[in-house]
Amino acid sequence: MLQISEALFEITLPRFSGDILPKSDAGIILSIADRLDSLVGLFGAGCQSSSTNDPFGLRRISYGLVQVLIENNRNLDLRYALELAAAVQPIKIDAATIDD
């Protein structure tokens, strides 16, 4: 049970710049999957940020994804991961959205 609760906490990491990062394998995987799901879903719903406005935190989500991957020395086929995330969205995600 401790591993499950730890992974569920780590899914939210990092919460802000300089925050701790997930360390357990389950926490890292969940953190990456959650960020991919959020990015694909928000972009698919038309919630792009502008140069001065990012109300949905897309930049923070993207930075957190990159930080988790780099700091934990993980490789990711980003296009394939985005396609997998798009396949399970409740709305249809066009290939053009993933390309963008």
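A search of the whole structure finds 5 salt bridges, a salt bridge being a side-chain nitrogen of Lys or Arg within 4 Å of a carboxyl oxygen of Asp or Glu. Side chains of opposite charge can pair when their charged atoms come close. This is a predicted model, in which local features need pLDDT of at least 70 and side-chain atom pairs count only at pLDDT 80 or more, while totals for chains, interfaces and linings use all residues. Residues are numbered from 1 along each chain as its sequence is written, and side-chain values use heavy atoms, with hydrogens and water left out.

**Stop 1: the salt bridges**

Select Asp25 and Arg74, which form a salt bridge whose closest N and O atoms are 3.0 Å apart. The pair links distant parts of the chain, since Asp25 belongs to helix α2 and Arg74 to the loop between α3 and α4, 49 residues apart. Helices (H or I, at least four residues) are DSSP runs, numbered from the N terminus. Arg74 is partly exposed, at a relative accessible area of 32%; here buried means under 20% relative accessible area, exposed over 50%, and partly exposed in between (1.4 Å probe, protein chains only).

Next, select Asp54 and Arg59, a salt bridge with its closest N and O atoms 3.9 Å apart. Asp54 counts as buried at 18% relative accessibility, whereas Arg59 is partly exposed at 41%.

**Stop 2: the nonpolar core**

Select Ile32, Leu36, Val40 and Leu65, the residues with the most contacts inside the largest nonpolar core, which has 17 residues. Such a core is a set of buried Ala, Val, Leu, Ile, Met, Phe, Trp, Tyr and Cys residues joined through side-chain atoms within 4.5 Å. Helices α2, α3 (58–71) and α4 (78–87) each supply at least two residues of this core.

Which residues does Val40 contact, leaving aside its neighbours within four places in sequence? They are Leu82, Ala85, Ala86, Gln89 and Ile93, where contact means heavy atoms within 4.5 Å.

**Stop 3: the largest pocket**

Select Leu39, Phe43, Leu82, Ile98 and Asp100, which lie nearest the centre of the largest pocket among its 14 lining residues. The elements giving two or more residues to this lining are α2, α3, α4 and α5 (95–99).

**Stop 4**

Select Phe9, which is found in helix α1 and is partly exposed, with a relative accessible area of 39%. Its C-alpha is 7.7 Å from that of Gly27, although Phe9 and Gly27 are 18 residues apart in sequence. Beyond its neighbours within four places in sequence, Phe9 is in contact with Arg15 and Ile20.

Finally, select Asp19 in the loop between α1 (2–10) and α2 (25–44). Is Asp19 buried or exposed? Asp19 counts as buried, at 10% relative accessibility. Apart from its neighbours within four places in sequence, Asp19 is in contact with Leu13 and Pro14.

Note on methods. On a 1 Å grid over the protein atoms alone, a cavity is a set of points where a 1.4 Å probe fits but cannot get out, and a pocket is an open set with protein on both sides within 12 Å along at least five of seven lines; lining residues have an atom within 4 Å of a point.
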